[in-house]
Amino acid sequence: MKNKLVVTREMFFDQVKTYISDPDSLALIEKAYEYAEEKHRNQRRKSGEPYFVHLMNVGYILATLHAGPQTICAGLLHDTMEDCDVPKEELEKEFDRDIANLVEGVTKIGRLAFSDDKEYEAANHRKIFIAMARDVRVIIIKLVDRLHNMRTLEYTSPESQVRKASETLQVYCPIAHRLGFGDIKNELEDLCFYYLDPVHYHEVASLVEAKKRERQAMIDRMINDITDLLKEHDFKFRVFGRSKHLYSIYKKMTTKNKRFDEIFDLYAIRIVTETELNCYEILGYIHARYRPMPGRLKDYIAMPKVNMYQSIHTTILDEEGNIFEVQIRTEEMDSVAEQGIAAHWSYKEGKLYNSEREQKEIENKLSWYHDMINMLDDSEREHPNEMLNTIQKDIFEANIYVMSPKGRVIELPNGSTPLDFAYRIHTEVGHNAIGSIVNGALVPLNTKLQTGDVVQIRTSKQATGPSEDWLKIVKTSHAKNKIKNYLQKVEEEKRKEVIVKGEKILADELKKRDLDEKNYMDRATLEKLAGQFNFKDYQDLMYAIGMKSVSMVQIIEKLTNQKRSALEGFDLSRLFMGNRKTKPAGKTGLQVEGIDNMKISIAGCCMPVYGDEIVGYITKGQGVKVHRADCPNVRGQQSRLIAVHWEEDDTTKQYDCWIKVEATDRNFLISDIVTVVAQYKAQLMGINSEVLPDKVNVTVDVKVRVNNAEQLRLLMSNIRKLDSVDEVARVIK
């Protein structure tokens, strides 16, 4: 696994000069070379060699990729800020802002304020991703830096080897793959394999070595046959064998449960020709001469991979039944396959590197890159570990490809749904989604997508927005985070409304008792009062009052230090049931202050539910009937009213109530109402509908069983949003 190449100054500059001859550019690179050599003069690597050897190797590898002068300079200087305490301002002064920005993007962040190594590494990755989103050259430098570090990993401790190899396999290999750096990805994977699983590494290496001579003879024979075939038809071409790297062989053996000799592309041939048309013509001649294996033809020219890879893959059998994978591509496609984006944006003499313009080209050509930038923009508040998980799961582990109606390819993890697709397009598309069309057919939002599906999202400005159920539908972390953020904001808004309502209820209660609210609504006083009721702060107290989950009688008593009986002046003897069996107060979820043994029941006219503002009405012989405070049937009956309140822990009981829906009649109106009732986890206890004399409008009476007033409010609010519904109100008989 040791890389034997020893790079010298002469080798480095010879490589640079193979494609850069501009005197100013060469002078800039030489200045960076000497500057870095001087700054790192007294530093050594763990191998004992001068630290600058690492930087020269990074610069050399970048030169083999035909990177621009600024990129090579930044590669040589990439550790000066971190290891030599060189400020960014000095790099700008000595070189230019472009180079200084690249070095800053590659530089690790300080270790302060991180709870552990995992959080620190995740924060570093986040910084690199953000820098990469601004300028892709940052990640090219970082990949090359990691490649050389992995080549010399043998000099570090076993613990460090495992940690670095794991990080490389998890983060850097997927980036290399997505950017199309095939050679770098393959070498990194094999190096990681060597350090993480040496036993299996040597097993696979032994199998490959044992078959090497036999395999090479078969490949040479097939190359000669194909060469003769293509010469007959006057093609310009190159044909050569391609070796499979060890880690990919091991993955196929384990994930697909195949034996070593069952892996088709162990025998691999690559044909490189001039034009796309030549590729298809050659494919025709190959299939005419050899028997193609069904289902093994892949046309990545017509449908490129998301990393811009293009080629035709086919699997054929020779006369003896040996299986070969054949790849057919143009010279340009071959460059992209080996060098990825470097083949598109490599430095060309006389061309100024316009980072902003070329960065835009990258975004346009790499759809996943655009998606990653959107995710980074949306993840500013996320914990670094959460952001890293989102990028890895949704971008690097994605393996199905679907399209928008306009042909944009979206890459998603296996098991993704149209909702995942919607959120990948845009957050608002996801929030307002009401349906989906896949391959021209209307399908539910929880349908699992397959590669090749064409997906269209139906949206509506009147959409109710995401619900918690959507979290069970989506697969991508990105969509889940968006839904959670939305639900959290909705909860925050509801909480604010309830707090304002609580403040009003308290102020009104003080007025009712002829108390000056200015004397009691003091914030500091109410903060102390919150503590007495075991609430965290003022806002929690007001929320509890707004939700009617705390006794107003007790609040006022504590606040005013005076105890007033709500039963003063009433003859209550008729309310007590003596030895007669009565329903305990706990069964109703209601209590009358100061009285334990009393018949209490909920009024059937207004049917209050937990959380409603309520009042007790003293009946003749039937105890206390509990009404909603706004019930017209108890209006003007102050002499027979009594204070009642909900039990504080009453969160499990359920309450029936009627609501009336007024709407314009249409098909499926009843079905839609029933669906909303089910969505908000209420029980449907009864439903009656009546078409009005005008034959246009309809009223629907719905009896539901709910847990509390908030659930009922949400239910009514969302029924009100249904198409053709005009009004929804609670029924008072």
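**View A. Contacts of R146.** R146 is in contact with K164, E167, T168, Y172 and L188 once its neighbours within four places in sequence are set aside; contact denotes heavy atoms within 4.5 Å. The model is predicted, so that local features need pLDDT of at least 70 and side-chain atom pairs count only at pLDDT 80 or more, while totals for chains, interfaces and linings use all residues. Residues are numbered from 1 along each chain as its sequence is written, and side-chain values use heavy atoms, with hydrogens and water left out. R146 belongs to helix α9, residues 137-151; helices (H or I, at least four residues) and strands (E, at least two) are DSSP runs numbered from the N terminus. With a relative accessibility of 6%, R146 counts as buried, where buried means under 20% relative accessible area, exposed over 50% and partly exposed in between (1.4 Å probe, protein chains only). V58 is 88 residues from R146 in sequence, yet the C-alpha atoms of the two residues are 9.0 Å apart.

**View B. The chain as a whole.** The chain holds 30 helices and 21 strands. Its residues number 733, and 49% of them count as buried. Of the contacts with a separation of 6 or more, 65% join residues 24 or more positions apart.

**View C. V615 in strand β14.** V615 is found in strand β14, which spans residues 614-618. Because its relative accessibility is 14%, V615 counts as buried. A separation of 5.7 Å between C-alpha atoms relates V615 to A643, 28 residues away along the chain.

**View D. G465 in a loop.** G465 occupies the loop between β11 (455-459) and α22 (470-473). This glycine is buried, its relative accessible area being 10%. Apart from neighbours within four places in sequence, G465 is in contact with H431, W470 and Y486. G430 is 35 residues from G465 in sequence and 8.4 Å from it in space, C-alpha to C-alpha.

**View E. The second largest pocket.** The second largest pocket has a volume of about 1,700 Å³. A pocket is found on a 1 Å grid over the protein atoms alone as an open set of points where a 1.4 Å probe fits, with protein on both sides within 12 Å along at least five of seven lines; lining residues have an atom within 4 Å of a point. Grid points are joined across faces, edges and corners, and the volume is the space filled by probe spheres set on the points. The lining comprises 47 residues, of which T464, S467, Q679, Y680 and N718 lie nearest the centre of the pocket. At least two lining residues come from each of β9 (433-438), β10 (441-443), α22, α23 (477-512), α29 (669-679) and α30 (709-720). Helix α23 makes the largest contribution to the lining, with nine residues. By type, the lining contains 20 nonpolar, 12 polar and 15 charged residues; Ala, Val, Leu, Ile, Met, Phe, Trp, Tyr, Cys and Pro count as nonpolar, Asp, Glu, Lys and Arg as charged, and the others, Gly among them, as polar.

View F. K681 is found in the loop between α29 and β19 (683-691), and L692 lies in the loop between β19 and β20 (697-706). Although K681 is not a glycine, it has a positive phi of about 60 degrees. K681 counts as exposed, at 59% relative accessibility, whereas L692 counts as partly exposed, at 28%. With its neighbours within four places in sequence left aside, L692 is in contact with N697, V698 and T699. The C-alpha atoms of L692 and T664 are 9.8 Å apart, for a sequence separation of 28 residues.

**View G. H66 between two helices.** H66 is found in the loop between α3 (52-64) and α4 (69-77). This residue is not a glycine, yet its phi is positive, at about 60 degrees. A relative accessible area of 29% makes H66 partly exposed.

View H. Zero disulfides are found in a search of the whole structure, a disulfide being a pair of cysteine sulfur atoms within 2.5 Å.
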